[in-house]
Protein chains: 2
Amino acid sequence: MGAKGLTKEIIVAEAVSCIENTGQPTVSLHELARRLGIKTPSLYNHIKNTKELQYEIFQYAIAQFVANQRDATEGKQKDEAVRAFAHAYYTFATEHRGLYRLIMSIPSEEDERAKEMALPLLDTVVAILADYGLSEESVAHWQRVFRAILHGFISQEDLGYFYYYDAVDLKKSRAIAVDCFLDGLHAGIQRETGIKHENQADV
Amino acid sequence: MGAKGLTKEIIVAEAVSCIENTGQPTVSLHELARRLGIKTPSLYNHIKNTKELQYEIFQYAIAQFVANQRDATEGKQKDEAVRAFAHAYYTFATEHRGLYRLIMSIPSEEDERAKEMALPLLDTVVAILADYGLSEESVAHWQRVFRAILHGFISQEDLGYFYYYDAVDLKKSRAIAVDCFLDGLHAGIQRETGIKHENQADV
DNA sequence: ATTATGAGACTAATACTATTAGTTTGTCAA
DNA sequence: TTGACAAACTAATAGTATTAGTCTCATAAT
């Protein structure tokens, strides 16, 4: 046939749209082709394989997520920035469930390419934590802890592993989780520097 | 042919063995049949479908995980129990990667059956937290936070999302994460009861 | 001892997935 | 006008799960 004006970008956009709609991190090539009005194998004129397509969507998702985090924490510092980051993180993960799932299902230890693409995910949180005056090593540790809490919370909630309680209680649990991180961080800083942090909540 | 003495239990055991070996949370029926010396469709004489098989393995994994946690924390209380639990949790997740992944990939909100099977996962941690004298609601919140940290940490590590540092540093990050939880918990208890907890680490 | 029944194996076939090979066609440029 | 490439197509392969229907062996009943 020839030109329908189809490009890799259009395919990726359609895949993203699909993922956003379904909340699933994947789309079958069949479904994707159907939506684009072509037959499945024709997709291979524009993409190498599903893995490559996944990478493209992954990159898009990362960019969105990072931009969202940057915007949410811009101009904020320390505890306020931490809270804003946590809120933005949670909001993105729930409003873009499929994209978040994709981000959290792609990389594995061996996949250097995915790892590299995901590196920007660290920037904002590292900047926020560095602002507390922590050593570089401590920042590395605490960004792990922070991101572990955020992802762990969303993941468990997503999996249905929180049981019993409704949305209101979940909100409170989230607040407690963030407070827990901040309390732990303040205590950690105090141990490291011997100084009680001025921004510590003292309720 | 007739009786080879094959049972559902043998199939599940073989699947578990496979999962333990590969670290993957799934086994294909083809591979499973090959290992058992039968043809794929013959499996359906003993199992309903892959979903059912998954449930069986899921149940086994949960039981192992729970027993492991109980053993590890038996006779321990408060911070010591929390640390022991965290250690056991991490050890199980890394030594039984496939089973842990399975546990963390099965349930979703709609799946009431899986949810119910997973409930025992709460018992040990709830018992430990209840011992701090928290209200029932607080226990519910804090078990979420605790399990979120534990799973978040393992998940991020498993995904390769921790970057930069080697195994030694990871160990330190884990210790910081657990300390962070305890500091946060102590602070939370202090807020709730007005009493500084006697077991609080004061390094 | 013979036979009948049923559990549990088998083969064959269907319906999804991704992917490759090879063919056709439409458009644009020489 | 024509030639060539891009990009569509059809056809086929291979790996998943699953169902239908067949065959056979071991055991239980006559």
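Trainee: Let's start with the nonpolar core. Of the 136 residues in the largest one, which touch the most other members?

Mentor: A nonpolar core is a set of buried Ala, Val, Leu, Ile, Met, Phe, Trp, Tyr and Cys residues joined through side-chain atoms within 4.5 Å. Buried means under 20% relative accessible area, exposed over 50%, and partly exposed in between, using a 1.4 Å probe and protein chains only. Here A:Tyr161, A:Phe181, B:Tyr161 and B:Phe181 touch the most other members. Keep in mind that this is a predicted model, where local features need pLDDT of at least 70, side-chain atom pairs count only at pLDDT 80 or more, and totals for chains, interfaces and linings use all residues. Residues are numbered from 1 along each chain as its sequence is written, chains are lettered from A and ligands numbered from 1 in the order written, and side-chain values use heavy atoms, without hydrogens or water.

Trainee: And what does A:Tyr161 touch beyond four places in sequence?

Mentor: Contact means heavy atoms within 4.5 Å. A:Tyr161 reaches A:Gln156, plus a run of chain B residues: B:Phe58, B:Ile62, B:Ile103, B:Met104, B:Pro107, B:Ala118, B:Leu121 and B:Arg147.

Trainee: What about A:Arg147, is it buried or exposed?

Mentor: A:Arg147 counts as buried, because its relative accessible area is 4%. This arginine sits in helix H8 of chain A; helices (H or I, at least four residues) and strands (E, at least two) are DSSP runs numbered from the N terminus. Beyond four places in sequence, A:Arg147 contacts A:Leu122, A:Val125 and A:Gly152, and across in chain B, B:Gln156, B:Tyr161, B:Phe162 and B:Tyr163.

Trainee: And B:His151, where is that?

Mentor: B:His151 is in helix H8 of chain B, and its 4% relative accessibility is why we call it buried.

Trainee: Now pockets. How many residues line the largest pocket?

Mentor: Rolling a probe the size of a water molecule over the atoms shows where empty space is left. The largest pocket is lined by 48 residues, with A:Ser155, A:Asp158, A:Leu159, B:Met104 and B:Ser105 nearest its centre. Two or more lining residues come from each of helix H4 (78–95), H5 (97–103) and H8 (136–159) of chain A, and from H5 (97–103) and H8 (136–159) of chain B. (A pocket is an open set of points on a 1 Å grid over the protein atoms alone, where a 1.4 Å probe fits, with protein on both sides within 12 Å along at least five of seven lines; lining residues have an atom within 4 Å of a point.)

Trainee: And chain A as a whole: how many helices and strands?

Mentor: Nine helices and zero strands. Of its 203 residues, 51% are buried, and the C-alpha trace spans about 70 × 40 × 30 Å along its principal axes.
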